[in-house]
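Please keep the view below at hand while following it.

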Amino acid sequence: MEPRHVDALLIGGGVAAVRCARALRRGGFGGSILIVGDEPVAPYNRPPLTKELLREDLPRDLVAAEPPEWYERQRVELRTGTPVTLLDPDAQLAELADGHRLHFGQALLATGAAPRRPAVEGSEHALLLRTLADAEALRARAVAGARAVVLGGGFIGVEVAGSLAARGVRVTLLELSAGLWAGSLGLEVSAWAVERLGAAGVEVRLRTPVTRIEDGALLTAGERLDADFVLAGVGVTPRLELASAAGLTVDNGVVVDESRRTSGPSVFAAGDMARPADGPRIEHWHAAREAGDAAAIGMMGGPAAPRRAPWVFSEFAGATLDVVGWAPTWDDLVVRPGLHAYVRDGGVAQLAILDGAVPVESARRLVEREPPVAALAELLG
């Protein structure tokens with residue numbers, strides 16, 4: 001049987017693929033578009049999984065990336081529960097798990113990332129949170145009065161801890177390092193977040209290694225914590241198997257240029273599994289949306305848009321945190337009311353905005369210039 005032809009094959013079934021399809025249609029692309037995802041549901045937004053959906057502040061249908069009728073209206077075909085098992089960039093061929101073969105004009109890889117399990121004995125007893133099904137299973141366990149231990153003080157762990165506490169769960173959050181977010185935002189921001197979580201009923205324990213997880217308990221170096229369930233939020237690993245097998249250049253993600261094109265000329269990549277050749281791989285919803293838009297422009301041969309400063313948003317325990325820019329290391333930390341500026345080589349490389357103290361878009365424009373510290377006055381008025 002001859003392979004079926006598709007003009008734009010979007011692999012992954014997440015928000016990056018949907019945004020790419022949307023931008024293609026808005027840009028006048030008239031060819032066929034097929035989104036193929038391995039989850040059994042239509043593409044959805046992941047941020048609510050740790051927040052509104054977990055707290056039951058948001059109905060399931062509002063988590064969808066687009067309503068069902070959008071796909072028909074935009075002539076976007078959607079196939080769920082169907083992983084792509086083989087990709088041949090040179091022949092422009094893809095094979096699906098059900099045996100169907102596709103010939104594509106251009107393809108987008110947006111396979112996302114998979115949650116990691118903690119590297120301790122008994123890690124199989126920990127719940128993970130990455131999918132809609134994971135969130136609904138966790139919500140079913142999160143009854144008032146239940147005892148939960150959350151492993152990891154990163155964005156997922158902090159958000160889940162706050163949402164579980166809002167449901168009346170007794171939550172203990174364990175973080176191995178000296179600060180939340182592994183100390184990457186400084187101890188001052190960590191202390192602010194610990195205080196907000198504590199006010200919401202979350203007990204935060206820093207510098208607390210875990211030695212074993214059991215069914216119904218967790219062991220630290222000096223204590224046994226009984227728990228009705230343990231949730232691990234210790235990071236994710238980009239899903240690169242398909243890209244690696246296809247021979248694409250991979251280095252902490254599928255490497256892409258400014259147009260989100262990979263080393264295979266007909267294949268683009270976006271989302272958690274893609275990394276710009278001269279920049280970091282950003283694991284966040286905003287980055288996936290913007291990269292999906294950029295990939296669509298690249299597919300249509302348009303000019304690459306200037307890259308925006310990364311933006312990560314978090315909401316927990318009634319607090320909000322926006323992190324703009326990227327500074328894994330910094331030379332100095334300048335603190336202003338509601339604003340922490342991370343200075344590298346004399347320029348502001350990253351900002352942490354507490355409780356919406358300054359407008360995010362203004363902060364992004366400022367960080368993109370990497371200005372001197374004096375420029376913070378532009379934000380603070």
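**Reading the structure step by step**

Q: Where does Arg260 lie?

A: Arg260 is placed in the loop that runs between strand E16 (254-256) and strand E17 (267-269). Helices (H or I, at least four residues) and strands (E, at least two) are DSSP runs, numbered from the N terminus. This is a predicted model, in which local features need pLDDT of at least 70 and side-chain atom pairs count only at pLDDT 80 or more, while totals for chains, interfaces and linings use all residues. Residues are numbered from 1 along each chain as its sequence is written, and side-chain values use heavy atoms, with hydrogens and water left out.

Q: Is Arg260 buried or exposed?

A: Buried means under 20% relative accessible area, exposed over 50%, and partly exposed in between (1.4 Å probe, protein chains only). Arg260 counts as buried because its relative accessibility is 14%. Its backbone also has a positive phi of about 70°, although Arg260 is not a glycine.

Q: What phi does Arg207 have, and where does Arg207 lie?

A: Arg207 has a positive phi of about 50° and is likewise not a glycine. With a relative accessible area of 59%, Arg207 is exposed.

Q: Which backbone oxygens does the side chain of Arg281 reach?

A: A polar contact is a pair of N or O atoms within 3.5 Å; within protein, one must be able to donate a hydrogen and the other to accept it, and residues adjacent in sequence count only if both atoms are side-chain atoms. The side chain of Arg281 reaches the backbone oxygen of Asp272 at 2.9 Å and that of Asn252 at 3.1 Å. Arg281 is found in the loop between strand E18 (274-276) and helix H8 (285-299), and is buried, at 15% relative accessible area.

Q: Which residues is Phe229 in contact with?

A: Contact means heavy atoms within 4.5 Å. Leaving aside neighbours within four places in sequence, the contacts of Phe229 include Leu127, Leu138, Ala146, Val149, Leu164 and Val169. The C-alpha atoms of Phe229 and Ala146 are separated by 8.3 Å, and the two residues are 83 apart along the chain. Phe229 belongs to strand E14 (residues 229-232) and is buried, with a relative accessible area of 3%.

Q: What does Ser123 touch, and where does Ser123 lie?

A: With neighbours within four places in sequence set aside, Ser123 is in contact with Arg117, Pro118 and Ile213. Ser123 lies in the loop between strand E7 (113-115) and helix H4 (132-141). At 12% relative accessibility, Ser123 counts as buried.

Q: How many helices and strands are in the protein chain, and why is the chain described as compact?

A: The protein chain has 10 helices and 23 strands. Its radius of gyration is 22 Å, close to the 21 Å that the globule rule gives for 381 residues, so the chain is as compact as a globular protein of that length. The radius is taken over C-alpha atoms, and the rule is 2.2 Å times the number of residues to the power 0.38. Along its principal axes the C-alpha trace spans about 65 × 55 × 35 Å.

Q: What share of the residues counts as buried?

A: Of the 381 residues of the protein chain, 51% count as buried. Among contacts between residues at least 6 apart in sequence, 62% join residues at least 24 apart.
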